[in-house]
Amino acid sequence: MARDTGGDGYLLDNRQAEAGVRINALAELFDPSTFRHFERVGAGAGWRCWEIGAGGPTVPAWLARRVGPDGYVVATDIDTSWLPGARGFEVLRHDVAAEEPPPGGPFDLVHARLVLVHVADRDRALRTMAAALRPGGWLVLEDADPELQPLISPDEYGPEQELANRLRRGFRTLLRQRGADLAYGRRLPRLLRGAGLADVGADAYFPITSPACTVLEEATVHQVQGRLVAEGLATEEEIERHLANLATGGLDLATSPMISAWGRRPSAA
């Protein structure tokens, strides 16, 4: 997870109990896509990898298995409480927007998912990531773009769906108040080229009607419930009604598009 230096702190704080539920739901939703991108760039035996804003263990654990005993994986986060008892990879507290790259580089692969969208000094963080690559190494960045597809219920055919989307608009307002760039994902290819990377490519993915979407939404609403009410973006009654609607399992929920972009540091001539 990333540090949000705007507003009064990161909205979805890792210290809250619901954070673990969100981390697991995000892993279920997006890990398969992330791993396909690692395979696309050729991650394999002996690679040295830096996983930024890891949150939970699933991504660095997959990388550790992939690179094998001759490789190296370091997972960093400003809050490492959801990375207990790590096996096969190192865990370090680290703020990519404020610190130099961790020891262990240069890296064959640097990856961050749902990090830069929340970071105030995104430009510095991106420069740090690109500078940590060895010649020929790959940077893979994945960030949501809520403005590209803003609806949590794309098929808004009734009051339950309308309420879900209204609360989602309130949630986006809270994110913007804390400095999140909700159109950042679409900029990733341009930013990777601007960082001097070659062979840049990108795609987008967002699931619809996965049970994990419902789990993620329930945990998110619980985390921001007080903020929504305090800012006048929703009432307690509306939030409780939405949570009851979620419990029925009848809402077809989506996520924002996850934009995945990759680029390679040119090899020395």
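Q: Is the crossing of α1 and α2 left-handed or right-handed?
A: In this predicted model, the crossing is right-handed. That word applies when the near helix is turned clockwise from the far one by less than a right angle, and left-handed when it is turned anticlockwise. Helices (H or I, at least four residues) and strands (E, at least two) are DSSP runs, numbered from the N terminus.

Q: How do the axes of helix α1 and helix α2 lie, and which residues make the contact?
A: The axes of α1 (residues 18-40) and α2 (residues 58-67) come within 10 Å and cross at roughly 30°. Axes are lines fitted to C-alpha atoms, for helices over the stretch in contact, with angles from 0 to 180 degrees between N-to-C directions. On α1, the contact (heavy atoms within 4.5 Å) is made by Ala27, Asp31, Phe35, Phe38 and Glu39. On α2, Thr58, Val59, Trp62, Leu63 and Arg66 take part.

Q: On what terms does the model supply such values?
A: Local features need pLDDT of at least 70 and side-chain atom pairs pLDDT 80 or more, while totals for chains, interfaces and linings use all residues. Residues are numbered from 1 along each chain as its sequence is written, and side-chain values use heavy atoms, with hydrogens and water left out.

Q: Why are β3 and β6 said to stand at the edges of the sheet?
A: The open sheet has 7 strands in the order β3-β2-β1-β4-β5-β7-β6, with mixed pairing. β3 (90-93) and β6 (198-205) each have a single partner strand, so one side of each is left without a neighbour in the sheet. Neighbouring strands are turned by 15° against each other on average, direction ignored.

Q: In which sense does β7 run against β5 and β6?
A: β5 and β7 run antiparallel and are joined by 7 bridges, with Glu142 opposite Ser260 in β7. β6 and β7 pair in the antiparallel sense over 6 bridges, and Ala204 stands opposite Ile259 in β7.

Q: What makes β4 and β7 mostly covered?
A: Buried means under 20% relative accessible area (exposed is over 50%, partly exposed in between; 1.4 Å probe, protein chains only). In β4, 7 of its 7 residues are buried; in β7, 6 of its 7 are.

Q: Which residues of helix α3 are buried, and what do they pack against?
A: In α3 (residues 122-131), the buried residues are Arg122, Ala125, Leu126, Thr128, Met129 and Ala130. They pack against β1 (48-52), β4 (107-113), β5 (133-144) and α5 (188-194).

Q: What makes a set of residues a nonpolar core, and which have the most contacts inside the largest?
A: A nonpolar core is a set of buried Ala, Val, Leu, Ile, Met, Phe, Trp, Tyr and Cys residues joined through side-chain atoms within 4.5 Å. The largest has 28 residues, and Leu29, Leu228, Ile239 and Leu253 have the most contacts inside it. α1, α4 (159-177), α6 (211-230) and α7 (236-248) give two or more residues to this core. A second, separate core of 26 residues includes Ile52, Val74, Leu133 and Leu197.

Methods. Two strands pair if DSSP finds at least two bridges between them.
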